[in-house]
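Reader: I am new to this structure. Can you walk me through how to read it?

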Amino acid sequence: MTQMTFARAINSGLRKSLENDPKVVLMGEDIGTLGGVFRVTDGLQKDFGKHRVVDTPLAEAGIMGTAVGLAYRGYRPVVEIQFDGFIYPAFDQIVSQVAKMHYRTQGAVKMPITVRVPFGGGIGSPEHHSESPEAYFTHTSGLRVVSPSSPQDAYTMIQQAISCDDPVLYFEPKRRYHDKGDVDETLEPGSALPLGNARVITDGRDVTLVAYGPLVKTARDAAIAAADEGVSIEVIDLRSLAPVDYAALEASVRKTGRLVITHEAGQSGGLGAELAASITERCFYYLETAPVRVTGFDVPYPYSKLEMHHLPSLDRILDGVDRALGRPNSLSGLEG
Amino acid sequence: MLTDEVGQGGTPAVGPGNSTGHRGGASQNLVQLITPQGERVSHPEYDPWVRDISDEQLGSLYEDMVVIRRIDAEATALQRQGELALWPPLLGQEAAQIGSARTLRDDDFVFPSYRDNGVAYCRGVRPEDLVRAWRGNASAGWDPFTVNVATQQIIIGAQSLHATGYAMGIQNDGADCVAVAYFGDGATSEGDVNEAMVFAASFQAPVVFFCQNNHWAISEPVRLQSHIHLADRASGFGIPSIRVDGNDVLAVMAATRIALDRARRGGGPTFIEAVTYRMGPHTTADDPTRYRDANELEDWAAKDPISRVKSLLDRKGLLTADLEAAVAAKADAVAKELRAGTINMPEPEPLDIFKHVYSTPNSWLDRQQDHYSRYLASFGDPAGANSEEGAR
Ligand SMILES: Cc1ncc(C[n+]2csc(CCOP(=O)(O)OP(=O)(O)O)c2C)c(N)n1
């Protein structure tokens, strides 16, 4: 076990993948000499050379489109999009080409492309630097979408994503980059929890609380706070946003009878809506109450002085838990 | 001409090119009217375009450049003191920004990037409005229509398309104003900039593409974006281009006037490559020592745009104690205004988060706002709802 930051854990996972497979190629803006604006690729170009760790021109459609060509040629490109808000110029290549290639060619062409996207808010950045665009991608068939929440998962999941034959959007919670945790670098990605599986973070009996990426830590803190008040929350780290591990969610909701979902992205059309609908379909007779969502608002990501109002906080999550439990909460007395 | 450029290898400069109407693919000479030593050199094609610049006007260009350098330094200091979340310095690019912006007419419309604070200052944006967004108090610092400057663009190159569309509107209206897009060398790699040039050429739109080649796109040198001079790219789109010494305020003025004149007379777009250098970091969050050689910085410091025009004033006997005192006083006053405006900026209210998402009320959002205000009201201490750690 080694103590390392989240960012360092991804770096270490990338290094392992580069070592193990000569077809792995990293591409992105500023990922070489600078080591990426978050230093996630620090030192990799020095050790693996400019053909394996490629500083690309400043052109996201270009990066993604050439990754498609490299994949055609048998490579496994790992693309870094510098910030969430800069993925949109590449959107067409991702949803029209990367996602559909396998289907279109009836399985003849694989797109083992990993797209690393530092995402989410909470770091006081300007516009376009704090977005949660995951639902655009979970809505697109053919893409896998994952988000690690701990250094250990960051380390293994990046390797699993790279070795996966499907395209994987790998959303990195940038406000957790500096969080430290134990990482077992001897853990083989093949024997770790599979990429598509959710994980129970804390066992509980009263409410199931689903989170992913940056909010897993907040959700766990909320569970600890709730325990002081005698409420037992089962926190589930979704890990895979598409496809979703419904078996894990169903098992938990059948036990607790209550579901709270939290994410930073806006509510309407967000992943929480999909989880609420699917769990309602699957577990209707087990649910004591309607699923509750605690999410960002349906507003453009706000300027930094207001972002803490937008982001689900521990208190806002607990208020949602109170709603699911029918305890006094901020909306008590309101109907609908 | 600048002989010791760095960063961009490839095509050597050839011959005295027909730079005002350049349509060929051949590499272009750099237009220069003031040498790095502050010597005024004559240029038959460009001199006429700045012949009207009086001694007094030269002094005021110098003043503008000193003031925006001071704004830049003050904002950087404010960031270091925790008053701004981030700041993108323009240190070294003063001549490019002042020389071009001071050439524009009030009814021309500017589409800037995040770094073009000197341009915005010239257009009348108030000092505190320059930092409003960097402090995190608003998404944008000013109303574009009060100063004819769009708000700062962060998505690289997006504004070049906006400028082109605005220019198409000018054309439809039969007006003779011009839209100007400011962007960097890295931006020329983006699809948006290339598509903007396609549209501008197709419709012969009255737009000026003003590219400040400051040699770096964060850590990436300009040679990674292009193997030829950026100005030479324009010819492939059928757009005439000028490659100008961006640290020479007079040369930049002349080049911009040529481009504006062409646009006003129905001659369509022009691409200007102002060859300059970012002497500071990309932003206050960047560490250029990781990717940039100190010698390179030294070479460019010798071509400093402000000392250049100062030497010219000196040679002409215009650098009087009065002028220096007046310039220093102006810089001090603007810096003071910036600092006070920043520190006294009113804090946004929590429910401001819901404002202006739509121009008409929306029941989805009204419901979220109602719920959130009830949530805030449920705290005795409203500040409690602010922290991630929680207040229960
Ligand atoms: C679409 C997009 N991709 C990436 C970025 C991140 N980014 C911000 S500034 C920058 C470099 C821009 O370089 P250049 O165009 O030369 O302008 P300069 O900053 O040097 O003025 C990058 C990559 C962004 N803002 N937008």
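Reader: Where in chain A is the place of A:D30?

Author: Bear in mind that this is a predicted model. A:D30 sits in the loop of chain A that runs between β2 (24-28) and α2 (44-48).

Reader: What is phi at A:D30?

Author: The general idea comes before the case. Most residues other than glycine have a negative phi. A:D30 is not a glycine, yet its phi is positive, at about 65°.

Reader: Which peptide bond is cis?

Author: Again, the general idea: most peptide bonds are trans. The bond from A:A242 to A:P243 is cis, and its omega is near -10°. A:P243 is in a loop of chain A, between β12 (240-242) and α9 (246-256).

Reader: Now the helices. At what angle do the axes of α1 and α7 of chain A cross?

Author: Helix α1 (residues 6-20) and helix α7 (residues 151-163) of chain A cross at roughly 30°, and their axes come within 8 Å. Angles under 35 degrees count as roughly parallel, so α1(A) is roughly parallel to α7(A). Their crossing is right-handed.

Reader: Which residues make that contact between α1(A) and α7(A)?

Author: From α1(A) come A:F6, A:A9, A:I10, A:S12, A:G13, A:L14, A:K16 and A:S17. From α7(A) come A:P151, A:A154, A:Y155, A:I158, A:Q159 and A:I162. Sort the contact by class, and you find nine nonpolar, four polar and one charged residues.

Reader: How do α3 and α4 of chain A pack?

Author: Read the angle, then the distance. Helix α3 (residues 60-72) and helix α4 (residues 91-98) of chain A pack at about 25°, and their axes are 8 Å apart. That angle makes α3(A) roughly parallel to α4(A). On the α3(A) side are A:A61, A:M64, A:G65 and A:V68. They meet A:Q93, A:I94, A:Q97 and A:V98 of α4(A). By class, this contact has five nonpolar, three polar and no charged residues.

Reader: Over to chain B. Is the crossing of α6(B) and α7(B) left-handed or right-handed?

Author: The crossing of α6(B) and α7(B) is left-handed. Helix α6 (residues 158-173) and helix α7 (residues 191-203) of chain B have axes that come within 7 Å and cross at roughly 15°. The two helices, α6(B) and α7(B), are therefore roughly parallel to each other.

Reader: Which residues of α6(B) and α7(B) meet?

Author: In α6(B), look for B:A158, B:S160, B:L161, B:T164, B:M168 and B:Q171. They meet B:D192, B:V193, B:E195, B:A196, B:F199, B:A200 and B:F203 in α7(B). The classes here are eight nonpolar, three polar and two charged residues.

Reader: Last topic, the ligand. Where does the ligand lie?

Author: The ligand lies between chains A and B. Around it are 20 residues, and the closest are A:E60, B:Y114, B:R115, B:I154 and B:G186.

Reader: Which atom of B:G186 lies 2.7 Å from an oxygen atom of the ligand?

Author: That is a backbone N or O atom of B:G186. B:I156 also has a backbone N or O atom to look at, 3.2 Å from a nitrogen atom of the ligand. For B:N214, turn to the side chain: a polar atom there lies 2.9 Å from an oxygen atom of the ligand.

How values were computed. Residues numbered from 1 in each chain as written. Chains lettered and ligands numbered in written order. Predicted model: local features only at pLDDT ≥ 70, side-chain atom pairs only at ≥ 80, totals over all residues. Heavy atoms only, no water. Axes fitted to C-alpha atoms, helices over the stretch in contact; angles between N-to-C directions. Helix = DSSP H or I, 4+ residues; strand = E, 2+ residues; numbered from the N terminus. Parallel < 35°, antiparallel > 145°, perpendicular 65-115°, else oblique. Left-handed = near helix turned anticlockwise from the far one by under 90°. Contact = heavy atoms within 4.5 Å. Nonpolar A, V, L, I, M, F, W, Y, C, P; charged D, E, K, R; others polar. Near = heavy atom within 4 Å. Polar contact = N/O pair within 3.5 Å; in protein donor to acceptor, adjacent residues only side chain to side chain.
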